Amino acid sequence: MTGGSPLPGRGVDGDFAVWAPHRDRVRLRLGTAADPEPRVVDMERGADGWWRTRVDGAGPGTAYAYLLDEDPLPLPDPRSRHQPDGVHAPGRVYDHAAFAWTDAAWTGRPLEGAVVYEMHVGTFTPGGTLESALERLDHLVDLGVTHVEVMPVNAFDGTHGWGYDGVLWYAVHEPYGGPDALKGFVDACHGRGLAVLLDVVHNHLGPSGAYLPRFGPYFSGENAWGPSLNLDGPDSDPVRRLVLDNALEWLREYHLDGLRLDAVHALRDDRAVPVLEELSAEVETLAAGLGRPLSLVAESDRNDPRTVLPREGGGTGMTAQWSDDLHHALHVALTGETHGYYADFAGPGVLPAVLTRVFRHAGTYSSFRRRTHGRPVDTARVPGSRFLGYLSTHDQIGNRARGDRMGEHVSPGLLVCGAALLLCSPYTPMVFMGEEWAATTPWPFFASFTDPDLVEGVRNGRRREFAALGWDTAEIPDPMDPATRDAAVLDWSQPGREPHAPVLEAYRALIALRRAEPELSDPRLDRFAVAASEDGRRLVLVRGSLRVVCNLSGEPAPMELDAAPREVLLASGAPETDGTRVRVPGECFAVLRV
């Protein structure tokens, strides 16, 4: 299936349409839920399962919802663009054309050569809104990042949450500011030279306000989070269009520069042309029409390089994918943690191997999966820029019982060494907000559902989950307590004081050096090599004429290079050179030209 019919009416010109193929009657209800005399209009069913009507006088700002069969409960439009009263209430007609953009000169930024910054709107600033986030954009510019990856902002129940429990995929969460606020944020980012990626979730719905299945056969089967999207069964063409149209609308109407696609391995799709490949083709077409690059970044648990291979090469055509194996190898080397899935990443040779080959599991046995997993990356053909590397992410912090960050467990020196390994590697580096100054604010799971039964279910389920893993339940923050979210808000006083300020300065210097020295951002994996000591605590990254030397041990240690250093470009300690030998202080790095 390629292309598709024009987007169905959402009231801008008085035209309304909704897909409900198995309903006998659908009515449009105009007015808010509190309106004592709402206007109700019968809709006409088409042969394609779409119900349509035209209402004179309706337009931007009109409140509307749908009544299915004889059910008196008005339901929001599955494609609603604006939900000012929450996910259970009628939506409002929203006109994308009404926003006054100022980014006409923006020509976009490709993902190749990027430094990405992952940001959660609700905890980035105390205000927790897209407007308040504007106050800190200059920090991102000074840091040197090129792309801001915003965690999901589609509408979910409650005020605060991670965003992965969204139920209305086209609407911007109102507590963040709604659709105009997102446009204002993107516009301001473009004005400062920052590209914006948006994290979107199409693999499941949240538990509250999930009315989508009442309209039609949107789901079939199960995945880890509940019902699985019906991408290949009967009546699945309109389901696929819901996903494709949603992605295209984010990119086109919000001027976004790309999307991060959550857990694509949970998109079960047995068609000859999978939905990811179809999405890649349609986004490529849109990019050509807009005249600027658009990126698709997949989160995939498959360790399959075909995710990032071009369509003509048998891949899905994703621009890049997250690589958790890189994170796990760095995390174990820096923290020494080896519980759970980290056990597979223990050993002195793991980090050098993963740095050069991307995946630890590449057709090899995975102990926590209890099976072989993955496929090797052809490092002669696939560049490292197609894989995002990171020391931390919302997942890797937030799925710990306390939401504790790496900076709580390692010294600033080791954290900076990890940053050097990441920012001087061939991969596309990503920084999770606050990591750049070793923030001590935790980032645990939190939500604010309104249903009392759901609140208790989430609260108790979280405790059971971590108790089974051996955590003391007294240490587990209550995810439904507003104080849990409040504690996760970044403390912006930290970057200006010890011990955080030197870490921030090191991140800035490393990013600036990566930009100044093209060899540090060279994505060719077949030109990249890593030498390591027998214990794996001393590493040398070979980057053309540059050598990145990292000493992860606590004591000064000599390292032998393949050539004598001529210049020290950047160092976190005072390296001593003697011919081809360089001595680096403990928990320090140096970037040398040979």
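Contact here means heavy atoms within 4.5 Å. This is a predicted model, with local features needing pLDDT of at least 70 and side-chain atom pairs counting only at pLDDT 80 or more, while totals for chains, interfaces and linings use all residues. Residues are numbered from 1 along each chain as its sequence is written, and side-chain values use heavy atoms, with hydrogens and water left out.

**View A. Helix H7 and what its buried residues pack against.** Helices (H or I, at least four residues) and strands (E, at least two) are DSSP runs, numbered from the N terminus. The buried residues of H7 pack against helix H6 (237-253), strand E15 (258-261) and strand E16 (295-298). Among these buried residues are Val275, Leu279, Glu282 and Leu286; buried means under 20% relative accessible area, exposed over 50% and partly exposed in between, with a 1.4 Å probe and protein chains only. An α-helix has 3.6 residues a turn, so residues three or four places apart point the same way. With 16 residues at 1.5 Å each, H7 (residues 275-290) should span 22 Å, and its end C-alpha atoms agree, being 22 Å apart. That expected span is 1.5 Å times one less than the number of residues. Just past H7 comes glycine 291, with a positive phi of about 75°.

View B. The barrel is closed, with parallel pairing, and runs E8-E9-E12-E15-E16-E17-E20-E21; strands pair if DSSP finds at least two bridges between them. On average, neighbouring strands of this sheet are turned by 30° against each other, direction ignored. Zoom in on E17 (residues 320-322) and E20 (residues 387-390): they run parallel, joined by two bridges. Helix H8 (residues 324-335) packs on the sheet, touching E17 and E20, and its direction makes about 25° with that of E20. Axes are lines fitted to C-alpha atoms, for helices over the stretch in contact, and angles run from 0 to 180 degrees between N-to-C directions. Glutamine 321 has phenylalanine 387 as its bridge partner in E20.

**View C. Two edge-to-face aromatic pairs.** The structure holds 18 aromatic pairs. Rings of Phe, Tyr and Trp (its six-membered ring) pair if their centres lie within 6.5 Å; planes under 30 degrees apart count as stacked, over 60 as edge-to-face and the rest as tilted. Phenylalanine 359 and phenylalanine 387 are edge-to-face, with ring centres 5.7 Å apart and planes at 85°. Phenylalanine 359 sits in the loop between helix H9 (350-357) and strand E18 (364-366) and phenylalanine 387 in E20, so the pair ties together parts 28 residues apart in sequence. Both are buried: phenylalanine 359 has a relative accessible area of 3%, and phenylalanine 387 has 0%. Phenylalanine 432 and tryptophan 443 are also edge-to-face, at 5.7 Å centre to centre and 75° between the planes.

View D. All six of the six residues of E24 (residues 546-551) are buried, so the strand is largely enclosed by the rest of the structure. Leu546, Val548 and Cys550 lie on one side, with Arg547, Val549 and Asn551 on the other. Six bridges join E24 to E23 (residues 538-543), antiparallel, and six join E24 to E29 (residues 588-593), again antiparallel. Arginine 543 stands opposite leucine 546, while arginine 547 faces leucine 592 in E29. E23 and E24 make a hairpin with two residues between them, and glycine 544 in the turn has a positive phi of about 65°.
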